[in-house]
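Reader: I have a chain open on my screen and would like to talk it through with you. Could you take my questions one by one?

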Amino acid sequence: MEIQTLKNFISVINEGNISAAAKINNISQSTLSRQMTELEREINIKLFDRGSRKISLTEAGTIYYQRIRELLLLLNRAEKEVHQTKILSGELYIGAPETEGMEIIASAISNLTKKSPDIRVHLYSGNAEDLNFKMNNGILDFVISLNNDTQNANFIRLPKADSWGIIMKSNDSLANKHEITPEMLENRKLIISNQSSARSELESWLGYLLLDSQITGTYNLIFNAALLVQKEIGIAIGIDKLIESTAMNGLIFKPFANYLTSHLDITWSKGKELSEISSAFLEELRKLL
């Protein structure tokens, strides 16, 4: 299996058909079609559902596409790293949830890029399981974690803690409360983070298990949760000081009584040698701490 064949496979999916991908890669349509057929034969998996005009992926093909994209990203990073000059340059990849704690990370990045302007930073959002998977497989250099199990990772605790509460419309019956108690949420429809750890922490604070019927939605990004709140799908369980970033009018935040908080860590894989860029970033972060 050749690397170029895998790159051509990605092009076919991105372009949606053999003809367009062949033109971009400057090869004949018949050659590219034969490559894709041979690729399926070599891995013994049907990758494509071939339509009359547009090629789509099978379920197995979707998984293969995602992993090949990650593989090619790692290959591209490796090529860049070995060609770096003595001047610090290259890529820094950080996975992070939505949190005010990103402010100190941004400051460290700012200090780093002022010294080394050729460094480019890539931020990824996602749930904890996905981000940790990417970090452990070398796709991300660091992950910002909320109350994460750091047993299998190196970490630095950040001087920030996120306070949890509810995001609701300003005319909600709970809007005039100073703080929210578990009893106030017993009969309310809730929109919660799709991270399993967030649900378990919430249930620990509530003192009872949530029924699936009480959960009307889950979210990955607070902006999307805010849209659901505006449409009165439910009230959202979220973190303080993020609602302003949604630029949504008519929504307010109220904290939980006996504050439920999440500490923040920046983590990186154990047993993995840090790149020069990663080491330089940690040095800037430690100076701020």
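Predicted model: local features only at pLDDT ≥ 70, side-chain atom pairs only at ≥ 80, totals over all residues.

Reader: Where is S11, and what is it in contact with?

Author: S11 sits in helix α1, helices (H or I, at least four residues) and strands (E, at least two) being DSSP runs numbered from the N terminus. Leaving aside neighbours within four places in sequence, S11 is in contact with A21 and N25, a contact being heavy atoms within 4.5 Å.

Reader: A21 is in α2, then; which residues of that helix are buried?

Author: In helix α2, residues 18–25, the buried ones are I18, A21 and A22. Seen down the axis of α2, they fall within an arc of 100°, so they line one face of the helix; the arc is that of the directions from the helix axis to the C-beta atoms. K23 and I24, on the other side of α2, are exposed.

Reader: Why would residues a few places apart point the same way?

Author: An α-helix has 3.6 residues a turn, so residues three or four places apart point the same way.

Reader: And what do the buried residues of α2 pack against?

Author: They pack against α1 (3–15), α3 (29–43) and β2 (55–57).

Reader: Which residues have the most contacts inside the largest nonpolar core?

Author: Those are I105, L185, F256 and F281, in a core of 54 residues. A nonpolar core is a set of buried Ala, Val, Leu, Ile, Met, Phe, Trp, Tyr and Cys residues joined through side-chain atoms within 4.5 Å. A second, separate core has 19 residues, and A21, L39, I55 and L72 are included in it.

Reader: Switching to a lysine, where is K134, and is it buried or exposed?

Author: K134 belongs to helix α6, residues 128–136, and is buried, with a relative accessible area of 14%. Apart from residues up to four places away in sequence, K134 touches E70, I139 and L140.

Reader: What is the phi of N26?

Author: N26 has a positive phi of about 60° although it is not a glycine. N26 lies in the loop between α2 and α3 and counts as exposed, at 71% relative accessibility. E232 likewise has a positive phi of about 60° without being a glycine; E232 is in the loop between α8 (222–230) and β9 (235–239) and counts as exposed at 61% relative accessibility.

Reader: Finally, the whole chain: how many helices and strands are there?

Author: The protein chain has nine helices and 11 strands, and its C-alpha trace spans about 70 × 50 × 35 Å along its principal axes. Of its 289 residues, 45% are buried.

Notes
Residues numbered from 1 in each chain as written. Heavy atoms only, no water. Buried < 20%, exposed > 50% of the residue type's maximum accessible area, 1.4 Å probe, protein only.
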